[in-house]
Amino acid sequence: MKYAPSRSSLLMAPALAWLAALMVVPCALVLALAFFRRGIYGGIEYTFTLENFGLVFDPLYAGIFLNSARIAGTATLVAVVIGYAAAYAIAAAPRRWQPVFLFFAVLPFWSNYLIRTYAWIVLLNREGLITQLLRWFGYTGEPPSMLYTEGAVIAGLVYNYLPFVILACYAPLSRLNPELAEASRDLGASAATTFRRVILPLTVPGIAAGAVFVFVLSIGNFVTPALLGGGRFQMIGNLVYDQFLTANDWPFGAALAMALIAIMLLVLMAQALAANRASGHASQAGGDTDG
Amino acid sequence: MNQSLTRTFGMRTILVLVFAFLYIPIAVLVALSFNEGGLPTAWSGFSLKWYVSLASNSAILSAALNTLIVALVSTAIATLLGTLLAIGIEMRRQYGKGLEALIFAPMIIPDIVLAIALLSFFSMLNLTMGLHTIIFAHVVFNLAFVCSVVRARLKSFDWSIVEASADLGASALTTFRRVTLPVIAPAVIAGALLAFTLSVDEFIIAFFTAGAGRASTTLPMQIYAMIRFGITPEINALATIVMAVSITALTLSQRLNRGIIGQ
């Protein structure tokens with residue numbers, strides 16, 4: 001080979017050194033921190049302990065984990081249903097319109113996260129657009145309290161991550177071999193059966209990718225619960241934040257962060273499994289058309 | 001036309017509803033930024049006064065300057081390191097899964113985890129935190145994004161033209177400048193624009209690595225503080241400007257990338 005590996009290593013060295021010094025070492029440090037004890041006056045006492053991980057399973061904190069999982073799970077479900085329907089509608093639109101629709105579906109995703117979340121405060125607050133619409137329709141009662149509810153947090157998460165789900169689901173939908181659906185219809189399957197037995201299984205990888213993205217980003221989220229939940233709905237991200245910036249219990253915060261990473265890795269592994277199984281389905285379906 | 005997807009139950013309705021869901025919140029925000037009245041949510045006439053009042057808000061101006069410094073410096077470093085990394089990786093025919101994971105990690109680690117990791121690291125080193133520590137942190141994820149954009153371009157790169165250049169007697173540097181760089185330039189610029197936007201918009205990591213005091217407050221930190229305080233027409237105006245900047249930069253970046261795919 002023409003290129004000596006040494007030259008390639010030389011080119012990669014500065015970036016890899018940067019990542020090692022400012023990502024690998026700090027993350028290893030957090031992992032180590034999780035095994036130390038909190039000092040009496042804050043700070044860190046360097047004696048080995050597993051207490052912090054035990055505390056993660058304490059009913060109080062385990063409750064917050066379950067709460068986070070429930071909120072993130074609901075947001076994921078809603079985002080996947082809406083996102084898949086949108087991706088399907090885009091993929092079924094005339095070819096020349098598809099890139100335009102896709103572009104405008106993703107565009108909001110490119111604006112600032114804080115601002116997109118703030119937009120929901122403007123909508124949902126007691127004198128916001130929704131209340132005014134209700135009044136316009138003749139509603140005279142108390143303004144509904146929508147902000148600072150679990151529903152608001154879920155709406156914010158769905159809103160923020162929906163474009164990615166649309167993108168992830170569109171990819172396999174647009175690549176579908178039209179002959180497969182045609183064959184299914186010719187063999188007498190209804191549109192619903194064709195969707196359930198042919199289209200849906202072939203697009204599982206896209207759904208899985210979108211779902212993992214929403215779930216992982218939602219469960220570690222701290223901005224949305226803080227702003228739209230008004231601090232009333234603590235999620236893991238908020239708990240980590242508190243340990244580092246207010247409670248000053250860094251070792252426990254570190255253990256929480258590691259638990260968050262563990263959940264993320266589990267979800268990613270589940271996704272890889274789902275993708276593997278789906279590709280098995282796909283090759284089966286592909287074999288059917290060849291034969 | 002060969003349609004594999006049946007257009008049964010009101011595809012048009014779905015599209016209209018989804019786009020309404022995506023755009024109404026932003027549209028309301030932008031519209032209210034031009035609202036005359038002090039009430040943040042009731043319309044009372046067109047005005048640019050909130051934009052004018054932004055221009056005299058020193059806290060916002062200094063936050064904007066800080067953001068610009070952080071974004072420009074971190075983008076410059078990340079673009080250089082990320083591009084070299086991409087070339088280094090694509091040069092070799094094989095590389096381990098570990099390397100792939102290391103480069104992928106900054107893009108998927110939850111912000112809050114990287115934020116506390118860097119906070120712990122910097123405070124353990126007794127490093128005074130400020131704009132420089134935010135820059136150090138932003139380069140971490142920015143270089144990963146630049147690298148992935150440039151790598152996508154290099155996938156279709158014909159390395160034999162580099163060999164040809166070398167055979168014709170060009171030095172490695174000349175070959176890079178005259179052969180490799182012109183080919184990857186659109187991807188490098190696209191990657192830089194992406195990095196710039198990510199840095200301008202990044203809040204959590206900046207929040208944790210900015211250190212105490214207001215001196216190194218960035219725009220997202222300023223916006224967060226303002227939002228927590230309440231809805232004001234000024235935030236609407238500021239939000240509109242920040243959105244316009246990010247969307248312009250990313251549309252440009254996308255354009256450059258599409259040009260690549262089109263070739």
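A: **Confidence first**

Over residues 286-291 of chain A, pLDDT stays under 50. pLDDT is the predictor's confidence in each residue, on a scale from 0 to 100. For this stretch the model has four contacts beyond four places in sequence. Two residues are in contact if their C-beta atoms, placed from the backbone, lie within 7 Å.

This is a predicted model: local features need pLDDT of at least 70, side-chain atom pairs count only at pLDDT 80 or more, and totals for chains, interfaces and linings use all residues. Residues are numbered from 1 along each chain as its sequence is written, while chains are lettered from A and ligands numbered from 1 in the order in which they are written.

Chain A as a whole has a mean pLDDT of 87. In chain A, 93% of the residues reach 70 or more. For the complex, the predictor gives an ipTM of 0.90 and a pTM of 0.89.

**Chain A around that stretch**

Chain A has 13 helices and two strands. Helices (H or I, at least four residues) and strands (E, at least two) are DSSP runs, numbered from the N terminus. The radius of gyration of chain A is 24 Å, well over the 19 Å that the globule rule gives for 291 residues, so chain A is more spread out than a compact globule. That radius is taken over C-alpha atoms, and the globule rule is 2.2 Å times the number of residues to the power 0.38. The C-alpha trace of chain A spans about 75 × 75 × 35 Å along its principal axes.

Of the 291 residues in chain A, 44% are buried. A residue is buried if 20 or more other C-beta atoms lie within 10 Å of its own, exposed if 12 or fewer, and partly exposed in between, with C-beta atoms placed from the backbone. Take the contacts in chain A between residues at least 6 apart in sequence: 71% join residues at least 24 apart.

Two residues give a local view. A:Asn248 sits in the loop between α12 (236-245) and α13 (250-290) of chain A. Its phi is near 60 degrees, a positive value in a residue other than glycine. A:Asn248 counts as partly exposed because 15 C-beta neighbours lie inside 10 Å.

A:Thr117 belongs to helix α5 (residues 113-124) of chain A. A:Thr117 is buried, because 24 other C-beta atoms lie within 10 Å. Leaving out residues up to four places away in sequence, A:Thr117 touches A:Gly156, A:Asn160, A:Val223, A:Thr224, A:Leu227 and A:Leu228. A:Pro205 is 88 residues from A:Thr117 in sequence and 28 Å from A:Thr117 in space, C-alpha to C-alpha.

**The contact with chain B**

Chain A puts 70 residues into the contact, and chain B puts in 62 residues. On the side of chain A that touches chain B, helix α1 (residues 5-33) of chain A gives the most, with 17 residues. By class, that side has 58 nonpolar, 10 polar and two charged residues. Ala, Val, Leu, Ile, Met, Phe, Trp, Tyr, Cys and Pro count as nonpolar, Asp, Glu, Lys and Arg as charged, and the others, Gly among them, as polar.

**Chain B**

Chain B has 11 helices and zero strands. Along its principal axes, the C-alpha trace of chain B spans about 70 × 65 × 30 Å. Chain B has 263 residues, and 47% of them count as buried. Among contacts in chain B between residues at least 6 apart in sequence, 80% join residues at least 24 apart.

The domain assignment of chain B gives domain 1 (8-47) and domain 2 (56-262). Such bounds come from an automatic or database domain assignment. The C-alpha centres of the two domains of chain B are 31 Å apart. Seven residues of domain 1 of chain B contact seven residues of domain 2 of chain B. The domain 1 side of that contact has four nonpolar, three polar and no charged residues.

B:Asn126 lies in the loop between α5 (111-124) and α6 (131-154) of chain B. Phi of B:Asn126 is near 55 degrees, a positive value in a residue other than glycine. B:Asn126 is exposed, because 6 other C-beta atoms lie within 10 Å.

Chain B averages a pLDDT of 88, and 92% of its residues score at least 70. In chain B, confidence is lowest in helix α11 (residues 233-262), at a mean of 83. Confidence in chain B is highest in helix α9 (residues 204-209), at 96.
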